[in-house]
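Hi,

Here is the structure I promised to pass on. Have a look at it first, and then read on for what turned up when I went through it.

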Amino acid sequence: MSETVPQTVPQTVQGYPLRAFLICMVAYTTAQMDLALFGYAVPAIRAEFELTLSEVMAIVSIAFLIGGALLLGLGWMGDRVGRLPMFQFSLLGSSVLVTLISVAPGVIVLTLLRGASIAVGGLSYPITGAIITEEMPARLRGLFMGLLQIGYPLGWALASLWSMWLLTNYGWRHLFLVGLISLPLVWVVRHYLREPPRAMAAKSVQAPAALADLWAADMRGRAATLFSAQFLFVWAYAASIFLFPSFLRDVRGLDAFNFSLLIGAGNGIGVLGYVLAAWIGEHVWTRRNTVVLWTLLGSILFQVLVWVPETFGDILLVYALMSMFFYGSAAVKFAYLAEVFPTRIRALAMTCCGSLAVVLGSAAGPYSVSLAIEAWGWHLGYALLVGVPLTLAGLLYLTLDSLPSGLEVEEIERRMSQEATT
């Protein structure tokens with residue numbers, strides 16, 4: 001059944017759409033900050049529990065597998081229960097779980113808490129994406145979806161500020177108390193956001209979302225391709241970001257303060273790439289083509305980062321440029337993924353093809369790359385097992401439809417349905 005645009009959907013950004021965007025942006029940024037804290041703490045956790053590089057990456061991988069299993073159910077509830085209740089649950093649950101990591105007595109509890117926080121905090125990805133997709137005017141939807149993804153590097157940059165201070169002066173356990181900062185946002189979301197009219201309209205006239213819907217004849221091709229591309233991208237991304245502090249310490253000789261400063265500053269500068277990608281994908285080129293270009297440029301710059309720069313300034317420059325393209329490609333991927341699925345299954349589709357692919361890629365990538373590093377050395381293992389999957393991820397997008405930007409999501413659904421039946 002084709003969707004129609006609800007009369008209550010605003011046609012301008014002013015007013016409620018802008019308010020919804022700002023709330024989602026702040027909430028998504030703090031959620032990413034909470035999840036990023038673990039990345040900065042990895043070297044200190046490894047030292048306290050006397051773990052090898054592959055052992056600490058095994059903790060990362062197992063935690064992501066736990067998170068992926070839990071996330072499927074949470075994403076399904078996002079379409080059935082509603083965007084707003086699950087958004088509040090995500091903010092509250094993530095804050096509590098991240099804070100509890102500070103008192104984890106051992107590796108097992110640490111892994112379980114990390115896995116649960118990945119699932120609950122990771123729910124912010126499909127929920128905020130669904131809200132902005134369903135509330136923003138079509139002509140600016142892609143731009144604001146891309147701007148929303150700036151929350152990712154901003155979250156890592158904020159986490160680096162806390163890490164520079166707390167890791168140096170108090171240790172890794174105090175770092176996770178930062179999770180409490182997100183708690184007030186539960187009240188803000190409850191009082192200043194609404195359930196999107198599109199979601200309520202779809203829920204009232206169509207059958208509830210089911211996982212089998214993604215494997216219907218008109219959806220399974222794009223679902224499988226998007227999942228595969230996202231899995232390979234996040235394999236590369238997770239391995240790059242979680243292992244980079246150890247690379248900077250072991251290979252470049254930087255201490256906790258300096259590698260936190262470098263990663264935070266690099267991600268902060270990298271925000272420019274997110275903005276540029278979102279603008280080009282909305283006004284100059286299609287989102288699909290922008291994803292391909294940004295991802296391939298990011299893979300080249302990652303190779304440069306591993307092999308060439310040695311001084312702090314040179315590493316920061318290349319890392320910032322790499323962040324602009326490698327990580328900045330998420331700005332257009334996020335919008336593309338959100339708009340190519342019908343409203344009634346949007347949260348579930350974004351969970352399966354986005355968040356689930358993210359957690360599985362994060363589970364497989366860092367551990368596999370750490371084994372390659374231990375076997376082949378930092379440079380070869382890091383460059384080969386990050387650069388190649390990243391390149392493949394970009395090329396997979398060439399098999400997807402290059403949709404014009406600025407279409408209403410209902411028009412996109414009609415086009416997709418027509419193509420599937422011809």
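Phe 144 is buried, with a relative accessible area of 11%. Bear in mind that this is a predicted model, so everything below is computed from predicted coordinates.

The ring of Phe 144 pairs with that of Phe 21 in an edge-to-face arrangement, the centres being 5.0 Å apart and the planes at 85°. This pair ties together distant parts of the chain, as Phe 21 sits in helix H1 (residues 16-48) and Phe 144 in helix H6, 123 residues apart. Phe 21 is buried too, at a relative accessible area of 7%.

Compare that with Trp 165 and Tyr 170. Their ring centres are 5.8 Å apart and their planes stand at 90°, so this pair is edge-to-face as well. Here, though, Trp 165 is partly exposed at 44% relative accessibility, and Tyr 170 is partly exposed at 47%. Both values fall between the 20% limit for buried and the 50% limit for exposed.

How many aromatic pairs does the structure hold? The count is 23. Some ring pairs join up into a cluster made of Phe 233, Tyr 237, Phe 244, Phe 247, Phe 302, Tyr 319, Phe 326, Tyr 327, Trp 378 and Tyr 382.

Back to H6, which is worth a look as a whole. Of its 11 residues, 10 are buried, so the helix is largely enclosed by the rest of the structure. The buried ones are Ala 138, Leu 140, Arg 141, Gly 142, Leu 143, Phe 144, Met 145, Gly 146, Leu 147 and Leu 148.

The axes of H6 (residues 138-148) and H15 (residues 330-339) come within 8 Å and cross at roughly 125°. The crossing is right-handed. On the H6 side, Arg 141, Gly 142, Met 145, Gly 146 and Leu 148 make the contact, and on the H15 side it is Ala 331, Phe 334, Ala 335, Ala 338 and Glu 339. By class, these contact residues come out as 6 nonpolar, 2 polar and 2 charged.

While you are on H15, click on Lys 333, which lies in that helix. Is this lysine buried or exposed? Lys 333 is buried, with a relative accessible area of 5%. Leaving aside residues up to four places away in sequence, Lys 333 touches Gln 230, Phe 233, Val 291 and Tyr 397. Phe 233 also belongs to the aromatic cluster.

The axes of H11 (residues 220-250) and H14 (residues 312-327) come within 13 Å and cross at roughly 165°. With an angle over 145 degrees, H11 is roughly antiparallel to H14. The crossing of these two helices is left-handed.

Cheers

Key
Residues are numbered from 1 along each chain as its sequence is written. This is a predicted model: local features need pLDDT of at least 70, side-chain atom pairs count only at pLDDT 80 or more; totals for chains, interfaces and linings use all residues. Side-chain values use heavy atoms; hydrogens and water are left out. Axes are lines fitted to C-alpha atoms, for helices over the stretch in contact, and angles run from 0 to 180 degrees between N-to-C directions. Helices (H or I, at least four residues) and strands (E, at least two) are DSSP runs, numbered from the N terminus. A crossing is left-handed if the near helix is turned anticlockwise from the far one by less than a right angle, and right-handed if clockwise. Contact means heavy atoms within 4.5 Å. Ala, Val, Leu, Ile, Met, Phe, Trp, Tyr, Cys and Pro count as nonpolar, Asp, Glu, Lys and Arg as charged, and the others, Gly among them, as polar. Rings of Phe, Tyr and Trp (its six-membered ring) pair if their centres lie within 6.5 Å; planes under 30 degrees apart count as stacked, over 60 as edge-to-face and the rest as tilted. Buried means under 20% relative accessible area, exposed over 50%, partly exposed in between (1.4 Å probe, protein chains only). Angles under 35 degrees count as roughly parallel, over 145 as roughly antiparallel, 65 to 115 as roughly perpendicular and the rest as oblique.
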